[in-house]
Amino acid sequence: MVWNCLTSPSLLLQAPVSVWDEEEDGATFTVTSRQYRPVDPLAPRPPPNSSRRLRAGTLEALVRHLLDARTSGTDVTFTAAFLATHRAFTSTSALLGLMADRLEALESHPTDELERTKGVAISVLSTWLASHPEDFGSEVKGQIDRLESFLLRTGYAAGEGVGGGGADLIRNLRSRVDPQTPELPKPLALPGDPPADPTDVLVFLADHLAEQLTLLDAELFLNLVPSQCLGGLWGHRDRPGHSHLCPSVRATVIQFNKVAGAVVSSVLGATSTGEGPGEVTIRPLRPPQRARLLEKWIRVAEECRLLRNFSSMYAVVSALQSSPIHRLPAAWGEAARDSLRVFSSLCQIFSEEDNYSQSRELLLQEVKLQPSLETNSKKSPRSGSRGGGVVPYLGTFLKDLVMLDAASKDELENGYINFDKRRKEYAVLSELRQLQNKCRGYDLRPDPDIQRWLQGLRPLTEAQSHQVSCEVEPSSTSDPPAPRVLRPMLVISQWTEVLGSVGGPTPLVSWDWPSVGAEEVPGTPAPLLTRLAQHMKWPSVSSLDSALESTPALQSPADPSHLSPPASSPRPSRGHRRSASCGSPLSGRAEGASRGAGYGGGGPGPGASDCRIIRVQMELGEDGSVYKSILS
């Protein structure tokens, strides 16, 4: 009671904070102590205010901490972060088995300790089932049987918890054991149906088309499983045997590429009839007609912006920036100036400057202030019938999580799981969860005509897009000759510790390279990422925001990297460059990277003042060389 009186800020002075680590039963805890002292020197000094949270530990130690009744009061974010990120370092079945091991080991302990731990276990399992029901598939049936047997054996038929007593919890868990896979987008067209005419986009009103795109995007985003976005899962999706991973993220990628493909096919007036370069049906269009199609898609992107659908907005903008569309000067020259101004402003939203800071800030504003409009927009707010949801561009979050996965080690040097890394990942996943709640604010109805048109489109492959673009607007003789094969050279001038956290204004690694020109031969030059220094591996960040994949430069629309978003410039120009950001510049297994960030990114750590400067030199023939220096 005396100390409660002394906790008033006017009666206490704050002393420096002390931070240290403590080792306990296979775990490392970070202890923070703040000592207050009374203003009156004669008054007794209150005890220090200390907090303790788990920094790293063995899997068994993490499970003990999870089932400790004191954790919810002293380490408030541990349980939520553990449940959201556990798939990055163990499986649900293994985790349930360790929980059962812990409970069975306490059967010989005093009754009160066993009862407390059982109560915590019921609460954790109930929270787990409510927050992450997708974790409980058929593979955990054996562990559920084991937990049920334990609860029956110890007489725990009822109890307090989020999901009710133990019996109710087991019933709820059993109802989830059948595997459920998120529904992927429907096929582009049913077998035997004639393909849709991509130029029919002119038939639909821009706001109606934007609403239907938003309806599809919102459904996919609500079905997204945030844990599938973790860098340790999504960043390794292309490895052998990992094709089944991250189905909800892949579904979003497919939809993004589908929208981008619709834009390219309609502007070029072409429909694919097969996979071959010549298997294309082209509708003859004059530059003014093609310009109307450009303007239409710009209006659709603007309507997506008003609907706060950043996913389809970026899909449209990136498709208009892609090489097959970007290199059509006659069509762009016929476009209205107002449309070009709108397009330029939309491009700026997704500028890669300062790690996409503009799009991040705009998304944050939209979440806080719904609905809102651009300050220079001439359009009035819509009626409330469309709702006030938000669909983010998922590529930004995927990039952050892959960068974070590369920047911090999974384990410390002593083999402990680096849980500080998982807390940072959980912060990103929490943002996705909050946006999913906001996404529920839409009130949209499907339009069968537009939906049928979207499903009937047969987008071009990247090779077909390039070929058709060159046919509709052949390269003029005054154009510069095709550039020679690019030969990048990587120079590392100083070593660094790998970044310990994510969220700063500067991307981890980025460089510039020329976009594919109109006169380039399909398949050349070879992708830049595969020809960097041999001792480094640069996996793609995301199929939504990736560099070119490893082998063929031209890929089919089904490939997740199809039509990756390029840079922001509405008009074609010689020497146009775009920037690509890699999520994993130095994996934990890469040479040298194993010597960085051993402290797990939880604090300043050793070597924080060191830096690495990577200089990339790109030869561009007669244009000389382009250099980009990156501080990381």
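## Contacts of Met313

Met313 is in contact (heavy atoms within 4.5 Å) with Ala301, Cys304, Arg305, Leu346, Ile349 and Phe350, leaving aside its neighbours within four places in sequence. The model is predicted: local features need pLDDT of at least 70, side-chain atom pairs count only at pLDDT 80 or more, and totals for chains, interfaces and linings use all residues. Residues are numbered from 1 along each chain as its sequence is written, and side-chain values use heavy atoms, without hydrogens and water.

## Nonpolar cores

A nonpolar core is a set of buried Ala, Val, Leu, Ile, Met, Phe, Trp, Tyr and Cys residues joined through side-chain atoms within 4.5 Å. Buried means under 20% relative accessible area, exposed over 50%, and partly exposed in between (1.4 Å probe, protein chains only).

The largest nonpolar core has 82 residues, and Met313 is among those with the most contacts inside it, as are Leu209 and Trp297. Helix α11 (residues 247-268) gives the most to this core, with 10 residues; helices are DSSP runs (H or I, at least four residues), numbered from the N terminus. Another core, of 40 residues, lies apart from it and includes Leu62 and Phe82.

## Helices α4 and α19

The axes (lines fitted to C-alpha atoms over the stretch in contact, with angles from 0 to 180 degrees between N-to-C directions) of α4 (residues 78-85) and α19 (residues 419-439) come within 9 Å and cross at roughly 85°. The two helices are therefore roughly perpendicular, a term for angles of 65 to 115 degrees. Residues making the contact include Phe82 of α4 and Tyr426 of α19.

Key: Angles under 35 degrees count as roughly parallel, over 145 as roughly antiparallel, 65 to 115 as roughly perpendicular and the rest as oblique.
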